[in-house]
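Take a moment to look over the sequence and the model. Then follow the text through them, step by step.

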Amino acid sequence: QQQHRFTRQTQCQLQNLNALQPKHRFRSEAGETEFWDQNEQQFQCAGVAFLRHKIQRKGLLLPSFTNAPMLMYIVQGEGIQGAVFPGCAETFQSPSQQSQHRSDHRQHESFPDQHQKIRQLKEGDVIALPAGVSHWIYNNGQSQLVLVALVDVGSNDNQLDENFRKFFLAGNPQEGLVRGGQRQDQSQRQSRSSRGQHQEEEEEESQSQQQESDGNNLLSGFDENLLAEVFNIDTRLARKLQNERDNRGAIIRMEHEIQSPEEAEEEQREQRSQEEEEEEDERSEEEREERRRSRGERGSGNGLEETFCTMRLKHRTDSSFADIFNPRGGRITTVNGYNLPILNALQLSAERGVLYNNAIYAPHWNINAHSIVYITRGNGRIQIVSENGEAIFDDQVQEGQVIIVPQNHAVLKKAGRQGFEWIAFKTNANAKISQLAGRVSVMRGLPLDVLANSFGISREEAMKLKHNRQEVSVFSPKRGSQQ
Amino acid sequence: QQQHRFTRQTQCQLQNLNALQPKHRFRSEAGETEFWDQNEQQFQCAGVAFLRHKIQRKGLLLPSFTNAPMLMYIVQGEGIQGAVFPGCAETFQSPSQQSQHRSDHRQHESFPDQHQKIRQLKEGDVIALPAGVSHWIYNNGQSQLVLVALVDVGSNDNQLDENFRKFFLAGNPQEGLVRGGQRQDQSQRQSRSSRGQHQEEEEEESQSQQQESDGNNLLSGFDENLLAEVFNIDTRLARKLQNERDNRGAIIRMEHEIQSPEEAEEEQREQRSQEEEEEEDERSEEEREERRRSRGERGSGNGLEETFCTMRLKHRTDSSFADIFNPRGGRITTVNGYNLPILNALQLSAERGVLYNNAIYAPHWNINAHSIVYITRGNGRIQIVSENGEAIFDDQVQEGQVIIVPQNHAVLKKAGRQGFEWIAFKTNANAKISQLAGRVSVMRGLPLDVLANSFGISREEAMKLKHNRQEVSVFSPKRGSQQ
Amino acid sequence: QQQHRFTRQTQCQLQNLNALQPKHRFRSEAGETEFWDQNEQQFQCAGVAFLRHKIQRKGLLLPSFTNAPMLMYIVQGEGIQGAVFPGCAETFQSPSQQSQHRSDHRQHESFPDQHQKIRQLKEGDVIALPAGVSHWIYNNGQSQLVLVALVDVGSNDNQLDENFRKFFLAGNPQEGLVRGGQRQDQSQRQSRSSRGQHQEEEEEESQSQQQESDGNNLLSGFDENLLAEVFNIDTRLARKLQNERDNRGAIIRMEHEIQSPEEAEEEQREQRSQEEEEEEDERSEEEREERRRSRGERGSGNGLEETFCTMRLKHRTDSSFADIFNPRGGRITTVNGYNLPILNALQLSAERGVLYNNAIYAPHWNINAHSIVYITRGNGRIQIVSENGEAIFDDQVQEGQVIIVPQNHAVLKKAGRQGFEWIAFKTNANAKISQLAGRVSVMRGLPLDVLANSFGISREEAMKLKHNRQEVSVFSPKRGSQQ
C-alpha cells in the first residue's frame, strides 16, 4: 500500500512506437515457441515480456512455472490445462482411467491416478496464472493450438530482476527458451547496448548449441544420488529425471491422449450439449465465488491463499460475454478483477475487441494501465498520441503484431475492410479507460462553457462535440467511410 | 501488497538540502504556471514534482490530466473545479442555465447543458486528484487564485517513467509546460548531467519557440478526418479542435463567468449564510461516505471504482478543522485517508501548520513518508538532521519556498517574529510522525533507566527530559525567546 | 495494489552464490555489532541487509530506529525489548519501581516511572519491527544475548534509497554503524565498483577515526539552545544529550538492571511455572487479536494504525509451535501473517528449521519470496538450482553463515552428522513453497501421463516418483545414508 521511491536514471523516450513481430523462435518436437524482443524499448518501458506458443495436435507444453504473473489468450484451437497449486488437494481422477474404472468396477486397476484439477481451454479463453505456479498444456483438439501470453516481469510478484525466466520441471528445453530468447551472457550486454534500432527479422535459434549442456530442467541441477534419496528411487531413475540427452524441446508429442474433464463426464452421462455444460460450469464456479466473497472470505490478496485451490483461472470472451455491443460496429469484452477475481492478485486484466469493417473504437486513454495489444485477426489503423500532441504511432497493423499503448496516451483504432480483432492485456486488475468521444466521454462531463472557451469554438459547436456521437464505445462507420 | 526488488545503482546522497524557488515559468493569457526543478536531487530522491498555478480573475486552467496522483492546496483566492471521472453520470445542470431555466419554465432553452459535478474551492482547501483523471479550474473570485500542487510521479499509479507529464484535452499550451519545464530532448541529457549545483534564477520560457509546432493538445495528434468521423462533425470543426494557432497558453480568459454551485442554489433559496451551507455540504458528504463504508462498500482501493462518482475530493484546513491547537503556539490540521478517503487510493496526505511568533513545532521524524513543505506565509528556521547526527539543513525559510524533509530524518521548525505557516504534502495516505519532545514523545515511552543510561545522565535529569515539556506538538515560546 | 513500472538497467546475474560471514564489526562497551556486506551481489539482488548483535550481560542496545522493516531472531540468551509507537499510551510502570512501590505503599516514591510496553525475549523468538519505530534491547539474562536481523531495505516502507540507515536517539555510535558498515563517502564509490570478488576477511572498524566527529545521535544535529527550549531544560543538559564525547558505542553497560515484566509479576503472585504464564500470555494475546479481526477491526494495513499499540511483535518457534514434525527427521516452524499479523504490514515472514542428522528438507522453490537463511547450529549441504538447471550453489554450510535462496530457484538442504538448524527470513508475509518431492509435492498434482511423457519414463516409474516418498516436508534419512 505504500509506494516506492527510487531514482530511475533511465527515461522512457516513447517517441516512436512500432508494431512488432516475434524476434526469437524455438522449435520443439510438437510445436514452437516465439518471443518478442525483451530489449525493445516499449517492452522495457512497460515492464512486460510477450510470447506465443504453437502446440501441434497431441503436443504437450512441459510442466513449468514463470517468475512473473502471466495472462494467456487462446488464439486458436483447443486444449487442456493443469495448474498445480502447493497445498491443494488432488481432486481429479485421471479421466481416462476413471472411465475405464467405472465401466468395469471389479477390474484390477493398476494405476488409479489422482491429480489436481484440469480445465478445458478453447479459442477465446483468457487464462491467468500466478508467478511461481507450475502448469502444463496439452492440445487435445483437431488443429494447432495457438496461444499468446503476457508475462508481467515488472510486477511486484517478481522479486528477481525484470528478465523473463521459465523454470521447467521436466525435459530439456533450449537454454535460450528458459530466458525468453536471451542467452545468459547476452542479457547483460544487450541491455546496455543501444536500443534505438529494432530488428524485424526473426532469429531462428539453433538447437545444436545447447546439446552439450547438462539438461535444463530444475532436477538436472541436483546431485543424482541426493535426488534418488529424496524420491526414494534408484539412481538410474534419478538420472533419467535429469533428461540430459532429451532433444524434444519444450513441447513434446504425447502417445496416449489425455481426456478432457468434459469428455470423461460425457461418457458417464446422458448426452447434453457441451456448450450448456461449460456455461454451467462457468456459472456455478462464479456463484461459488460470489458466495465466498459475500461471506468475506476473500483474503487480503497476496494471491496464494487456500482459496486458490478452488479459484477460477479461466474466463470466456465469446460474444455472449460481451460488455459492449453495437450491431453495426462490433463488441468489447472485458476480463478483470470483477469477473475473474484472481486478477486482483495478479494486477492484470484483458480486453477482447472485435470491430466490424470500418468501425471505430472510441478514442480514449488508459487511466491506470499500459495496454499491450495483440492483433488476432484482420487489420486496421491505430493512432497513438503523446502528451505533447504528437502521433507517436500512426500505421496499419495486422494479425500477429503486438503494439503497446502506454498509460495515459490517447489511442484510436479503426478497422479495415475485413474487420479488426485484438486481445489487449492491461497492467492493472481493473484497468479503466476515459473516452474522448461518445456517450460516456470526457466531453460529456465538461460544461459547455468550458468546452467552448477551451477550444475557442461557439456554444453550438461545443454542443455538437458533446452530443453528435451517441454511441457508447464502438462507433459504426460513416456511410462510404474510407480509412 | 508484495514488495518489489531491484538494484538501484543510484544513491540518494542527501548531504545538503536547499529551500527552493520555482525554476521554470510559463505565462498564459490569464495567469502563469511555475515548476520547481525536477532534476534537483531532493525532488529526484523523493520522486515528486512540484508546481504553482497563478490564475487571474476569470481565468480558466484548461481541462487536462496528469500521469500521477496530485494533491493541491489553495494558497489564495477562490475558484471552481470540475473533475471528470469516466463512467460517472452528468449530475449537474450548468447553474447559469439552470437559474434562467427555472425562472421561466416555458422559455425555449437552446442549450440545456448537463455535466459532471463541480465544486467551489477557497483558500485553505486541499484537493486530491487521481492520475489520469481530467479536471479544470476556473477563478470565479475577486482576486488572483494561487494554488500549489504536489505531483507524485514516483507513485505506483504512474506506470510511465518519473517525468511529469500533463495531457491537455484542449488548447495549445507551451511544449515545456506539458513536461513540467523540461523539453523532451533535454530530459535525457539533464538527468545524466551533474546535479550538484542548483540554480536559483528562474528561467522564463519564451513562448515563441513553440509557435511553429502543431498544437499540443491530445486531439491535435489525430488525423483530422478521423476526428471528424469520430465526433460526427465536419472537418472544419475537427481542425478547430486541434487549436494549432492558439497562443493563449494553459490558462485562458473566459468571457462568460461560470456560476458556482452555491451561487446557483442561493438564487433559488431563502438567504442563509454561505458558511453554514458549506459546512453542511461537507458534513453530509462525510456522513454519506461513512454509511457507505459501514456497509463495507469501499472497494479494495485501486482508486477508480464507481464510488468515485460520489467521493469527496476536497477537505478544508480552516482553524475549525484543526487537530491540534495551542492558543499560545498555533495549530496543526491533518488531511489523510481517515478524513478524505480518496487519499487511501492516492497514498498521499497533507498537514497544514500555523505557528504563532516564535512558537515551535515539536522536533520529530516522519515514520513512513517524505514531507514536502511549501511555506505559505511568514518565515522561520528549519533544522533537518540525518542518521549520522548531522544537520543537512539549518536555515531561515520564507513564503514561497519548498523544502523536502526526507523520511526518518529529524526536523525542527521554529517560527520567526511574524509567525510561520506551511502546507506539507506527505507521500503516504496515513503519514505518521514520532516526536522527540512533548507529551506524546518517544522520550515518554522509554523507561527512565534506559534514558538515564543511554544519555549518561542522572535519573533526575531523565525525568526532566520526559516531563518538563507538557504541550503536545505545538510548543509555546519561552518568554523572551529569540531565534 | 498497483504495480510499478521502471526500467532497471542492472541485472541480477546470480550465477554463483556464496555462504557468507559478516564483513564489518563494530565493538561497543558491552557487545558488538556485525554487518554482512551490503554490496555483495546476492544482498543487492534480494534488496536486504543483514546484521548480528552480540549483547553482553547487562548490556543495553541504545534506542534507535531503522529506515526499513526488520525481522529479528534470538539465536541465544535472554533479554527485554521495548518498542515505542507514537501515540500509544505508557501502559507499563517500571517494574523495579512498581515492586518496591507495592511492598511499601506509603513510602515516598521519587520517580514513579511510566513507559510503553516491554517484552521478555528468549532464544527462539522472532521479533518484528516496522520501519521508523524506535526500540531498545537489554540483556537481563545470564549469558550473552545473540540476535540476527534481516533489514528489508528494498521494502516499499523504505522511501529512501536502499542503503541501511540506523537513527540513534541517544549515545554516540560509530559513524560506520549507522550506515551498516559503509562510510558515507564510500557508499557511492563502492556501489559502482566491481562486485565480482567477495572478501571473506572481516574488517574491524577502528573506533578512533570517528572520535573527532560531533556525535552521531539525532539530537546532536540540533542547535543546543533550540534543544534546551524544546525540552524546557537548561543548555548544559541539552549539550549532554548530544553525547559528543561518549565512546561507549551502540551497546552500553547498564548499572541498574531492568526487571522483566514476568519477574515483576512473579514477586507479586503465587509461584507458577514461567512457561505456563508465557504460554498464557501468548495465547491471550492471540485470542484478543482474533476477536479484533473477527469484528473487522484490522486496518487496511499500512502497519501503523492505533491497533499497533496492542499488537504482538513476538512469536515463539519452540518445538511446541512446530507446524511440521517428523520424529525421525526434524521440524519446521513458520512465523507469518497468519500467526503474527503485524507481518502482513511488514511483508516479511520466517521459517525455523531443525533437521536431525542426515535428514533432508524436501527440495522446493519459494513461490513468492526470497529466502535469506542464517545457519544457527550444526552443518549441512545446500544445493540451489537456477532456471537453466545449473547448480548455482552446492556446498557445505555451517553455523553463522548466511545464504540467500532467490525466488523460484530450487533448493535442497541435507543435514550433516550433527544435525542442521537455521532461521530463514522471507520477503513476503505469507511466503509459500512448492515442493518437488513428498506427499504435498508438485509431482502428486501432475497426471501420471504428463509425468511419464515429460520425463520419458514408464508409467510405473512415474508412479514411484509420485508415491515412493510419503513424508510431508522433512524426510528421514536412508539407512546408512551418506552426504
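In this predicted model, residues 24 or more positions apart account for 77% of the contacts in chain A with a separation of 6 or more. A contact here means heavy atoms within 4.5 Å. Chain A holds twelve helices and 26 strands. These are DSSP runs, numbered from the N terminus: helices are H or I with at least four residues, strands are E with at least two.

How much of chain A is buried? Of its 483 residues, 66% are buried. Buried means under 20% relative accessible area, with a 1.4 Å probe and protein chains only. Chain A exposes about 16,400 Å², and carbon and sulfur atoms supply 42% of it. Such areas come from the Shrake-Rupley method with a 1.4 Å probe.

Now for confidence. pLDDT is the predictor's confidence in each residue, from 0 to 100. Its mean for chain A is 83, and 77% of the residues reach 70 or more. Residues 1-9 of chain A stay under 50, with 63 contacts beyond four places in sequence. Residues 95-109 of chain A are also below 50, with 18 contacts beyond near neighbours in sequence. Where pLDDT is low, the predicted coordinates should not be read in detail. The model scores ipTM 0.88 and pTM 0.89.

Residues are numbered from 1 along each chain as its sequence is written, and chains are lettered from A in the order in which they are written. Local features need pLDDT of at least 70, while totals for chains use all residues.

Key: This is a predicted model: local features need pLDDT of at least 70, side-chain atom pairs count only at pLDDT 80 or more; totals for chains, interfaces and linings use all residues. Side-chain values use heavy atoms; hydrogens and water are left out. Buried means under 20% relative accessible area, exposed over 50%, partly exposed in between (1.4 Å probe, protein chains only).
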